[in-house]
Amino acid sequence: MELSETQANILGVLQEDARVSMRTLANKVDVSTPTASSTVKDLEDMGVIRGYLTLLDTRKLGIHTFYLRIEADLDISDSVVESMIAINEVHKLGELEGGALFAVVKVPSLDVLDDVMKCLKKTEGVEKLKVSRVTKEFKSSGTITPDALTDLSIDCFYCKKKIAGSPVKLELDHRKHYLCCGVCASEYEAKYNRLKEKAGAPD
Ligand SMILES: [Zn+2]
């Protein structure tokens with residue numbers, strides 16, 4: 001699916017300032033206020049907008065950043081990933097080409113880093129651990145420019161498979177739900193209503 005220019009521009013503005021008012025947002029992307037707010041709602045419903053965070057200047061708060069490279073037994077790397085996700089100090093975790101993992105760890109002191117390292121060394125499957133202190137951050141940007149935002153890929157809310165082509169949209173309780181086909185849509189709606197009935201939610 002393609003992302004519309006308005007959607008891309010809205011994402012551009014919101015990444016810079018998530019607290020922008022709907023009126024200002026609408027002005028900036030040159031649409032009406034209702035269009036801006038319904039587009040934001042759609043992007044939230046689709047799960048493209050995952051949340052609105054507060055950015056902190058971690059240096060001012062005495063937080064140190066470390067970059068870790070972890071080589072793990074590939075057979076059980078899933079469980080290594082799981083253990084690492086559970087560590088609060090791990091802020092970013094990914095897999096590199098070749099299978100090694102990398103992590104960005106943020107800690108208030110070296111003692112805490114020691115604890116994290118001890119915990120990792122004890123984790124079954126961790127074979128090699130390399131840690132480097134990040135001494136300077138020249139750029140740390142999480143924003144993606146609207147020009148780069150062209151594709152929209154959402155998973156069917158029912159079968160979880162990637163939706164190819166246009167999705168079937170189902171509006172339930174003022175929220176849009178995205179399905180890959182008519183069959184998934186009717187199954188999803190039935191399941192949705194069953195769950196709702198069970199929960200005894202008012203209509
Ligand atoms: Zn489906």
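The lining of the largest pocket draws on two domains: domain 1 (1-52) and domain 2 (58-133) each supply at least three residues. These bounds come from an automatic or database domain assignment. The model is predicted, with local features needing pLDDT of at least 70 and side-chain atom pairs counting only at pLDDT 80 or more, while totals for chains, interfaces and linings use all residues. Numbering runs from 1 along each chain as its sequence is written, and side-chain values use heavy atoms, with hydrogens and water left out.

The largest pocket holds about 2,200 Å³ of space. A pocket here is an open set of points on a 1 Å grid over the protein atoms alone, where a 1.4 Å probe fits, with protein on both sides within 12 Å along at least five of seven lines; lining residues have an atom within 4 Å of a point. Its volume is the space filled by probe spheres set on the points, which are joined across faces, edges and corners. Of the 44 lining residues, L53, L55, S140, S141 and G142 sit closest to the pocket centre. Two or more lining residues come from each of helix 1 (5-16), strand 1 (64-72), strand 2 (90-95) and strand 3 (101-107), and helix 1 gives the most, with four. Helices (H or I, at least four residues) and strands (E, at least two) are DSSP runs, numbered from the N terminus. By type, the lining splits into 18 nonpolar, 14 polar and twelve charged residues; Ala, Val, Leu, Ile, Met, Phe, Trp, Tyr, Cys and Pro count as nonpolar, Asp, Glu, Lys and Arg as charged, and the others, Gly among them, as polar.

Next comes the metal site. The zinc ion is held by the SG atoms of C156, C159, C180 and C184, at 2.3 to 2.4 Å; donors are N, O and S atoms within 2.8 Å of the metal (3.2 Å for Na, K and Ca), and with water not among the atoms, sites may look incomplete. Along the chain these donors follow the spacing C-x2-C-x20-C-x3-C. C159, in the loop between strand 4 (126-133) and strand 5 (168-172), and C180, in the loop between strand 6 (175-179) and helix 6 (182-199), are 21 residues apart. The donor angles of 104 to 113° make the arrangement tetrahedral, a label that requires all angles of four donors to lie between 85 and 135 degrees. C159 is partly exposed at 29% relative accessible area, and C180 is partly exposed at 27% (buried is under 20%, exposed over 50%, partly exposed in between, with a 1.4 Å probe and protein chains only).

Terms used: Four donors count as tetrahedral if all angles lie between 85 and 135 degrees; four count as square planar and six as octahedral if opposite donors are over 155 degrees apart and all others between 65 and 115; anything else is irregular.
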